[in-house]
Amino acid sequence: MNVHLCFCGSERHFAQCCQPYLQGLSTPSTPEQLMRSRYSAYASGHFQYVLDTYTQSQRQTLTLDDLIQSSSETQWLRLDVLDALVDQNGSTGQVEFIAYYRFNDEMYKMHERSIFHLEDNIWRYDSGTLFEDSGIHRPQRNDICLCGSGKKYKKCCLS
């Protein structure tokens, strides 16, 4: 049994959180669950799941190779979900999040508001708008390291 914590930051075990979605055993019932599972898919290399969870219109312009190539050297470090909501008719949702990742020995922050649509009773990612504070992230020496070690940045990834 896989006992490590889920990549999505839920503090639940991966096997009881996002793994069933990635394996096709269940589908997310909210935009936030889909956002978290897509992050976990990126972090664990399940790019077919990422592709499959785009809206039909978005999938027409993407390929599995595109997703793999764009993420091949990215190490996903942490996800913070800031807000999640669904409109009154229950067919469109938004999730605001910050994802931290490492690429080419630099740390980055992606702050986005994602739009999700319900297609055939399944939540799908459609698009996102980046906030201005996205970009290179420079943690302070005494900040808790983003890699999840629990250590201060100066005693972990900075050294």
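Analyst: Happy to! A word on classes to begin with: Ala, Val, Leu, Ile, Met, Phe, Trp, Tyr, Cys and Pro count as nonpolar, Asp, Glu, Lys and Arg as charged, and the others, Gly among them, as polar. On that basis, the lining of the largest pocket has 12 nonpolar, 7 polar and 2 charged residues. Please keep in mind that this is a predicted model, in which local features need pLDDT of at least 70 and side-chain atom pairs count only at pLDDT 80 or more, while totals for chains, interfaces and linings use all residues. Residues are numbered from 1 along each chain as its sequence is written, and side-chain values use heavy atoms, without hydrogens and water.

The volume of the largest pocket is about 460 Å³, meaning the space filled by probe spheres set on grid points joined across faces, edges and corners. Its lining counts 21 residues, and F7, L77, R78, C147 and G148 are the closest to the centre. (A pocket is an open set of points on a 1 Å grid over the protein atoms alone, where a 1.4 Å probe fits, with protein on both sides within 12 Å along at least five of seven lines; lining residues have an atom within 4 Å of a point.)

β1 gives the largest share, 5 residues.

β1 also runs antiparallel to β2, joined by 11 bridges; strands pair if DSSP finds at least two bridges between them. D80 has I98 in β2 as its bridge partner.

How values were computed: Helix = DSSP H or I, 4+ residues; strand = E, 2+ residues; numbered from the N terminus.
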